[in-house]
Amino acid sequence: MKIAYFVWEYPPLLVGGLGTYASQIVPRLAKLGNELTVFTLNDGKLKTSEKSGKIEIHRPKIIEGTNAISYISNEDLRKWGEHLKFFNNIFSYNYLSAAKFINEISKKKKFDLVVINDWLSSIAGLIIKQNLNLPIVFHIHSTEQQRTGDGSQTIKTLEKEMGEKANSIITVSYSMKEHLISLGYPQEKINVVWNGCDTDKYKLENVNWRLVEELKRKYNIREGEKIVFFIGRLTFVKGVENLVLSFPLVLKEFPNTKLIILGKGEKYNSIVELIKRFNIEDKVIIRSEFVSEEERIAHYALSDVCVFPSFAEPFGIVSLEAMAMKKPVVVGASGISGFREQVIPKGEEQTGIHINGKNPEDIAWGIKEILKNPERAKKMGENGRKRVEKTFNLEVLARNTMFLYEKITKN
């Protein structure tokens, strides 16, 4: 198949989970024999077009038009204030990419399918739908309601319209499917394909143990200390503040424990204040920066339990990474929760603990359940590795995605 693939972030520009997903799925779709033409963001430093095997990449240069957009924007967009520049970048990427595809690329070769990822590429999807008779798949990795509780009406409208116009919708969990149905998305269009994890990359055999020792010195980790680890955006729905609130309760029972928080986000300052308020600066390390994948893997390796107390998580790749590294996990399982579908909370195949991320006492209970029984924790980690290898490896993700793509083009 010849596939036009629109995604806001793609290597080398990676910001979050969407970029990680695209960097993993696109090469595997190409490996299955497909030709992919990717349209993505240009930060002004990258080539506007290049080719790698069966993958062609286009990055039209962003045009600054914030002032013009402010004159014609609706009331909702005007509320964005200084963030209107961000919307300009999105609009510019979408409009220029759609124009290049419609006026140039699609005239050189016949495409079978257009793939749109999230609202960040939905403007391009809506323009293409209006101009070309091509089937469109809309991947919904999250929604504005899930991310913010309410948020921007403009974004919600773009998401909903793209869902209506697309021939098919693919989302990342059954929890997200229920969420989309509750918002009025067309149920008959919604399919579920779980995300995956690169089990060849995320495994203990790949750990740089010298780097692990460097990190232990950096964080002043003493012999015998237990390490609780969180990695992710420092934002409200990830439940990181509640994780910090839970930690004094953990320390009462397990004083020889440290919490490492790795990530960036708007909640950084409030998390630092919480750490100071509870006088646990020597027990909680917060590192607000992006790290290399090698260092990310080293962090998993030095941890005893990984905790992701989100109370709204469409899928959550981090728990797969932790399980692939044979680590027991404590995950938020209330509300919209892809974690709930990944992590087995009881029985012989248990891989972790389900908790309510809105409740610090429940988070503390989950962590203590892991720490009090090292043998059980080790077994959970081993079960987690087996589960990721069997159910969540990237080859399964690619095949399941291709099955739906082929189904759409045959209808």
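**View 1. Lys160 sits over the ring of Tyr185.** In this close-up of a predicted model, Lys160 lies over the face of Tyr185, 5.7 Å from the ring centre. A charge counts as sitting over a ring if NZ of Lys or CZ of Arg is within 6 Å of the ring centre and within 35 degrees of the ring normal. A word on the ground rules: residues are numbered from 1 along each chain as its sequence is written, and side-chain values use heavy atoms, with hydrogens and water left out. Since this is a predicted model, local features need pLDDT of at least 70 and side-chain atom pairs count only at pLDDT 80 or more, while totals for chains, interfaces and linings use all residues.

View 2. The structure holds 17 aromatic pairs, and here is one of them: Phe6 and Phe101, with 6.0 Å from centre to centre and 85 degrees between the planes. Rings of Phe, Tyr and Trp (its six-membered ring) pair if their centres lie within 6.5 Å; planes under 30 degrees apart count as stacked, over 60 as edge-to-face and the rest as tilted. Phe6 belongs to strand β1 (residues 2-6) and Phe101 to helix α4 (residues 84-108), so this pair links distant parts of the chain, 95 residues apart. Helices (H or I, at least four residues) and strands (E, at least two) are DSSP runs, numbered from the N terminus. Phe6 is buried, at 0% relative accessibility, and Phe101 is buried with a relative accessible area of 0%. Here, buried means under 20% relative accessible area, exposed means over 50%, and partly exposed is in between (1.4 Å probe, protein chains only). Ring pairs also join Phe6, Phe39, Phe101 and Phe111 into a cluster.

**View 3. Trp8 pairs with Phe86.** The ring centres of Trp8 and Phe86 are 5.9 Å apart and their planes are at 90 degrees, so this pair is edge-to-face. Trp8 lies in the loop between β1 and α1 (17-31), while Phe86 is in helix α4, so the pair ties together parts that are 78 residues apart in sequence. Buried or partly exposed: which is Trp8, and which is Phe86? Trp8 counts as buried because its relative accessibility is 9%, whereas Phe86 is partly exposed, with a relative accessible area of 35%.

**View 4. Ser97 and its contacts.** Ser97 lies in helix α4. Ser97 counts as buried, as its relative accessibility is 0%. Not counting residues up to four places away in sequence, Ser97 touches Phe6, Phe39, Pro60 and Ser92; contact means heavy atoms within 4.5 Å.

**View 5. Helix α11 has a buried side.** Which residues of helix α11 (residues 268-277) are buried? They are Ile271, Val272, Leu274 and Ile275. These residues cover an arc of only 160 degrees around the axis, so they sit on the same side of α11. That arc is taken from the directions from the helix axis to the C-beta atoms. The cover over the buried residues of α11 includes α10 (240-253), β10 (257-262) and β11 (284-287). Turn to the face away from the buried side and you'll find the exposed residues Asn269 and Arg277. Just after α11, Asn279 takes a positive phi of about 55 degrees.

**View 6. Ile285 in strand β11.** Ile285 has its place in strand β11. Ile285 is buried, with a relative accessible area of 15%. Leaving out residues up to four places away in sequence, Ile285 touches Tyr219, Lys258, Leu259, Ile260 and Ile261. How far is Ile285 from Leu84, in sequence and in space? The two are 201 residues apart in sequence and 34 Å apart in space, C-alpha to C-alpha.

**View 7. Pro345 in a loop.** Pro345 is found in the loop between α14 (339-342) and β14 (352-355). With a relative accessible area of 33%, Pro345 is partly exposed. Setting aside neighbours within four places in sequence, Pro345 is in contact with Gln350, Gly352 and His354. Pro345 and Val330 are 15 residues apart along the chain, and their C-alpha atoms are separated by 9.1 Å.

**View 8. Zooming back out.** The protein has 17 helices and 14 strands. Along its principal axes, the C-alpha trace spans about 65 × 45 × 40 Å. Of the 411 residues, 56% count as buried. Among contacts between residues at least 6 apart in sequence, 68% join residues at least 24 apart.
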